[in-house]
Amino acid sequence: MPQLSPKIRDALNQQINVELSSAYRYLAMSAYCSEANLQGAATWLRLQWQEELAHATKLIDYMGDRGGGVSLKAVPQPPGAFQSLPDVFEKVLHDEQEVTAAIYRIYDLAMQEKDYAAQGLMQWYVQEQVEEENSAAEIVSMLRMAGDSAAGLLIVDRRLAERTAAG
Ligand code: FEO
């Protein structure tokens with residue numbers, strides 16, 4: 001397998017940072033929900049934290065298979081405060097849409113560079129983003145239906161508690 005081109009290597013290093021930054025935001029959101037006694041959401045978000053770490057390590061492992069060149073960058077401080085459970089998940093959806101855009105940019109680059117193997121890797125992330133955006137959009141939709149109803153929020157929180165694994 002040929003080594004990564006410098007452009008793809010830089011893009012994958014950037015994406016590792018995107019995934020780790022996303023993980024860190026999920027961890028912050030989980031802590032907020034836990035403190036707000038929304039344990040279902042806290043559990044869901046903690047599992048998503050693990051999933052984002054797995055997305056980052058998958059990229060690190062892939063770079064190792066293609067000649068290396070991993071260069072970890074500083075992870076920005078995540079937001080520390082959120083307004084409400086709906087606010088958290090509106091941000092989740094927005095963040096995931098931005099991650100999808102970043103994946104698409106790397107896919108485009110892999111096409112320009114005629115790196116077919118990297119296109120295959122990015123295809124995995126493209127599919128993953130379909131799931132991630134879908135689940136975030138579903139939760140946002142449930143929360144919009146719940147509106148200001150405390151009972152509605154607790155029902156959504158209980159539903160989020162059903163998630164048992166990352167992925
Ligand atoms: Fe790794 Fe949620 O994107």
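Predicted model: local features only at pLDDT ≥ 70, side-chain atom pairs only at ≥ 80, totals over all residues.
Asp-115 counts as buried, because its relative accessibility is 10%, under the 20% cut-off for that label. Asp-115 sits in the loop that links helix H3 (85-112) to helix H4 (116-146).

What does the side chain of Asp-115 make a polar contact with? The partner is the side chain of Arg-66, at 3.0 Å. Leaving aside residues up to four places away in sequence, Asp-115 touches Leu-4, Ile-8, Arg-66 and Ala-110.

**Two loop residues with positive phi**

Most residues other than glycine have a negative phi. Lys-114 is not a glycine, yet its phi is positive, at about 55°. Lys-114 belongs to the loop between H3 and H4, the loop that also holds Asp-115. Is Lys-114 buried or exposed? At 56% relative accessibility, Lys-114 counts as exposed, because the label applies over 50%.

Asn-37 is the other case, with a phi near 60°, again positive in a residue that is not glycine. Asn-37 is found in the loop between helix H1 (6-35) and helix H2 (39-65). Its relative accessibility is 61%, so Asn-37 counts as exposed too.

**The chain as a whole**

Stepping back, the protein chain has five helices and zero strands, giving the pattern α-α-α-α-α along the sequence. Its C-alpha atoms fill a box of roughly 55 × 25 × 25 Å along the principal axes. Of the 167 residues in the chain, 46% are buried. Among contacts between residues at least 6 apart in sequence, 79% join residues at least 24 apart.

**Two helix pairs**

Two packed helices are described by the angle between their axes and the distance between the axes. Here are those values for two pairs in this chain.

| Helix pair | Axes come within | Crossing angle |
|---|---|---|
| H2 and H3 | 12 Å | roughly 20° |
| H4 and H5 (residues 150-160) | 8 Å | roughly 155° |

Let us take H2 and H3 to begin with. Their axes cross at roughly 20°, and angles under 35 degrees count as roughly parallel, so H2 and H3 are roughly parallel to each other. The crossing of these two helices is left-handed. On the H2 side, the contact is made by Ala-41, Trp-44, Leu-45, Gln-48 and Glu-52, and on the H3 side by Leu-85, Val-88, Phe-89, Val-92 and Glu-96. Sorted by class, this contact has seven nonpolar, one polar and two charged residues.

How do H4 and H5 run, roughly parallel or roughly antiparallel? With a crossing angle of roughly 155°, over the 145 degree cut-off, H4 and H5 are roughly antiparallel to each other. The crossing in this pair is right-handed. H4 contributes Glu-138, Ile-139, Met-142, Leu-143 and Ala-146, which meet Gly-152, Leu-153, Val-156, Arg-159 and Leu-160 of H5. By class, the contact of H4 with H5 has seven nonpolar, one polar and two charged residues.

Methods. Residues numbered from 1 in each chain as written. Heavy atoms only, no water. Helix = DSSP H or I, 4+ residues; strand = E, 2+ residues; numbered from the N terminus. Buried < 20%, exposed > 50% of the residue type's maximum accessible area, 1.4 Å probe, protein only. Polar contact = N/O pair within 3.5 Å; in protein donor to acceptor, adjacent residues only side chain to side chain. Contact = heavy atoms within 4.5 Å. Axes fitted to C-alpha atoms, helices over the stretch in contact; angles between N-to-C directions. Parallel < 35°, antiparallel > 145°, perpendicular 65-115°, else oblique. Left-handed = near helix turned anticlockwise from the far one by under 90°. Nonpolar A, V, L, I, M, F, W, Y, C, P; charged D, E, K, R; others polar.
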